[in-house]
Amino acid sequence: MKEVVTLANVGKRFGAVQALQGVTISVGKGELFGFIGADGAGKTTLFRILATLLLPDEGRAEVLGLDVVRSYRDIRKRIGYMPGKFSLYPDLSVEENLRFFASVFGTTVEKNYELIRDIYSQLEPFKTRRAGKLSGGMKQKLALSCALVHRPEVLFLDEPTTGVDAVSRKEFWQMLRRLREQGMTILVSTPYMDEAVLCDRIAFMQEGKMLALDTPTGITTLFRKPLFAIRASDTWGLLCVLRASPDAASVYAFGSALHYSDNRPSARADELLAALQADGFTDVSVSVIQPGIEDTFIALMEEKQGSVDE
Amino acid sequence: MSEPVIHTDKLTKRFGGFVAVDALSLTISGGEIFGFLGANGAGKTTAIRMLTGLLAPTSGKATVAGFDLYSGSEGVKRNIGYMSQRFSLYEDLTVRENIRFFAGIYGLTNQAIKEKSRQLLDSLKLVAVADTRLASLPLGWKQKLAFSVAILHEPKIVFLDEPTGGVDPVTRRRFWDMIYEASKQGLTIFVTTHYMDEAEYCDRLCIMVDGKVAALDRPDAMKRTFGVESMNEVFIQLARSKKTE
């Protein structure tokens, strides 16, 4: 597989803050690659380096086989970049924004309409509306259209779904899947763990470092302790009791259940159930579950930091 | 059952011909964790701006923390807490200065401010960084401080507008621990979020679609009604059914 993006030991420092450290990744052609992490994990710094907007302090970064420092002009023509902050012109209409970005790249909307049709057709009824007056979900679709209008070979999308509601998020990911099917290479960052499973491969980022890199299913094999979903009507009471247990490795709320991992490899659901019933939780249920992406991310974070500081 | 902390009856806000909030009727009681959900543009922000006394309603009735929204909006502002992800504390002030500033705004006496500052720094374990500027603290610490500062003046209710956006999964859950603890002590929590797993942590939920209440119930009851396993599915069903109309 031909590499579209290669990072070798990339580091970046802003004063006292080490924003990125020792990041090594290669992304192949046609891959949908996700960077998963919270604010401050270094995702935006990484995207800015790849988009040739920021110079790395250490290491090497290549996009489409070109060095991001020496060949930045060539790279810029061939990539599409959607920054985390809405960066289109709020005073221009939907259509004017799109035409502007096409002309900057020396092309026309008509020439590449096929590529953006799927996304832009949803905006066309509003094409005379000013971009600043669009809803969050529509702004995001316009920004993606503008990033695609010159038919780039690789897309960098920095937190395209942050602050967007669950329905618009789902639609946006369906668009990304369709672009990927057409052979587009896509690097996308997100703080939403549920989006990670939609990527071919993911990198967990935390405080500038990469915690793990694998396929979504591969990454969950890093979670090694027995894991249980435990439910009771008094969720808060249950959480307090489980946290106080000397065998508890971790206890976290996951929707309506608690995910409890045990330090004893031999821990069993029926024994936990009996113990909790004896503690007065009459309506408690316990079942063994497979760890998900979020369970794994939390476990890796805790491993890295000893125990996460209070 | 204690006095309701929020009571609204057909609360409505129009902007010209556009009805942003359409006949919102809610009763929220003391100590409740109330989740307020909706797609972008569903009217959540407008509703919150009315309930916090920042925007006058067009019609309908409402009392918040014992004050009428029309005649007592200043009383409302003094008796509620508010925190959002976007604006909460001043990054250029130290931890101690932030506490003092917000306590002053809410009219606490100098003596009370001293007392409260000491308690707060102690309970949040921030004594060592009391004179550090906020900008250099980890997000999780800032968030805990922002929440504590929002309820420093002991309001009956606190509005949390997407308090956990962009936060790592552990910090997000630690934040919810604080929410639970505060609600156990009787504080009413009115919270918005885009994380559907957080919706499950609420006592009751209201889902807004196009300015109207599309569903209002306990999370488990709502999932039963829609015959699905998660709040995410409920939300997508509701928001999507409107879109295809």
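## Helices and a first look at chain A

Helices here are DSSP runs of H or I with at least four residues, strands are runs of E with at least two, and both are numbered from the N terminus. With that in hand, helix H1(A) is followed by Thr52(A), a residue with a positive phi, near 65°. Please keep in mind that this is a predicted model.

The helix itself, H1 (residues 43-50) of chain A, is mostly covered, with seven of its eight residues buried. Those buried residues of H1(A) are Lys43(A), Thr45(A), Leu46(A), Phe47(A), Arg48(A), Ile49(A) and Leu50(A). A residue counts as buried if 20 or more other C-beta atoms lie within 10 Å of its own.

## Chain A as a whole

Chain A has ten helices and 14 strands. Its C-alpha trace spans about 70 × 45 × 35 Å along the principal axes. Of the 310 residues in chain A, 44% are buried.

Contacts between parts of the sequence that lie well apart are also worth a look. Among the contacts in chain A with a separation of 6 or more, 69% come from residues 24 or more positions apart.

Strand E1 (residues 3-14) of chain A pairs with strand E4 (residues 58-63) of chain A in the antiparallel sense, over five bridges. Within this pairing you can find Val5(A) opposite Val63(A) of E4(A).

Strand E4(A) also runs antiparallel to strand E5 (residues 66-67) of chain A, to which two bridges join it. In this second pairing, Glu62(A) has Asp67(A) of E5(A) as its bridge partner. E4(A) and E5(A) form a hairpin with two residues between them, and Leu64(A) in the turn has a positive phi of about 55°.

## A helix pair in chain A

Helix H4 (residues 113-120) and helix H5 (residues 136-148) of chain A pack with their axes 10 Å apart, at an angle of about 175°. Angles over 145 degrees count as roughly antiparallel, so H4(A) is roughly antiparallel to H5(A).

From H4(A), Leu115(A), Ile116(A), Ile119(A) and Tyr120(A) meet Lys141(A), Leu144(A), Ser145(A) and Leu148(A) of H5(A). Sorted by class, this contact has six nonpolar residues, one polar and one charged.

Where does Met193(A) sit? You will find Met193(A) in the loop between strand E8 (185-190) and strand E9 (201-206) of chain A. Is Met193(A) buried or exposed? Met193(A) has 21 other C-beta atoms within 10 Å, so it is buried.

Leaving out residues up to four places away in sequence, Met193(A) touches Ile36(A), Ile293(A), Glu294(A) and Phe297(A), along with Pro169(B) from chain B. Ile36(A) lies 157 residues from Met193(A) along the chain, and their C-alpha atoms are separated by 7.0 Å.

## Where the two chains meet

Chain B has 27 residues in contact with 28 residues of chain A. On the side of chain B that touches chain A, the elements giving two or more residues are helix H6 (169-184), helix H7 (196-199), helix H8 (219-226) and helix H9 (231-243) of chain B. By class, that side of chain B has 13 nonpolar residues, seven polar and seven charged.

## The four-stranded sheet of chain B

Chain B has an open sheet of four strands in the order E2-E1-E4-E5, with antiparallel pairing. Strand E2 (18-29) and strand E5 (67-68) of chain B each have a single partner strand and stand at the edges, so one side of each lacks a neighbour in the sheet.

Strand E1 (residues 4-15) of chain B runs antiparallel to E2(B), and eight bridges join the two. Here Lys13(B) has Val21(B) in E2(B) as its bridge partner. Helix H1 (residues 44-51) of chain B packs on the sheet and touches E1, E2 and strand E4 (59-64) of chain B, while its direction makes about 60° with that of E2(B).

## A helix pair in chain B

Helix H3 (residues 95-105) and helix H4 (residues 110-123) of chain B pack at about 135°, and their axes are 10 Å apart. That angle makes H3(B) oblique to H4(B). The crossing of H3(B) and H4(B) is right-handed.

Arg96(B), Ile99(B), Arg100(B), Ala103(B) and Gly104(B) of H3(B) make the contact with Ile113(B), Lys116(B), Ser117(B) and Leu120(B) of H4(B). By class, the contact of H3(B) with H4(B) has four nonpolar, two polar and three charged residues.

Key. Residues are numbered from 1 along each chain as its sequence is written. Chains are lettered from A and ligands numbered from 1 in the order in which they are written. This is a predicted model: local features need pLDDT of at least 70, side-chain atom pairs count only at pLDDT 80 or more; totals for chains, interfaces and linings use all residues. Two strands pair if DSSP finds at least two bridges between them. Two residues are in contact if their C-beta atoms, placed from the backbone, lie within 7 Å. Axes are lines fitted to C-alpha atoms, for helices over the stretch in contact, and angles run from 0 to 180 degrees between N-to-C directions. Ala, Val, Leu, Ile, Met, Phe, Trp, Tyr, Cys and Pro count as nonpolar, Asp, Glu, Lys and Arg as charged, and the others, Gly among them, as polar. Angles under 35 degrees count as roughly parallel, over 145 as roughly antiparallel, 65 to 115 as roughly perpendicular and the rest as oblique. A crossing is left-handed if the near helix is turned anticlockwise from the far one by less than a right angle, and right-handed if clockwise. A residue is buried if 20 or more other C-beta atoms lie within 10 Å of its own, exposed if 12 or fewer, and partly exposed in between; C-beta atoms are placed from the backbone.
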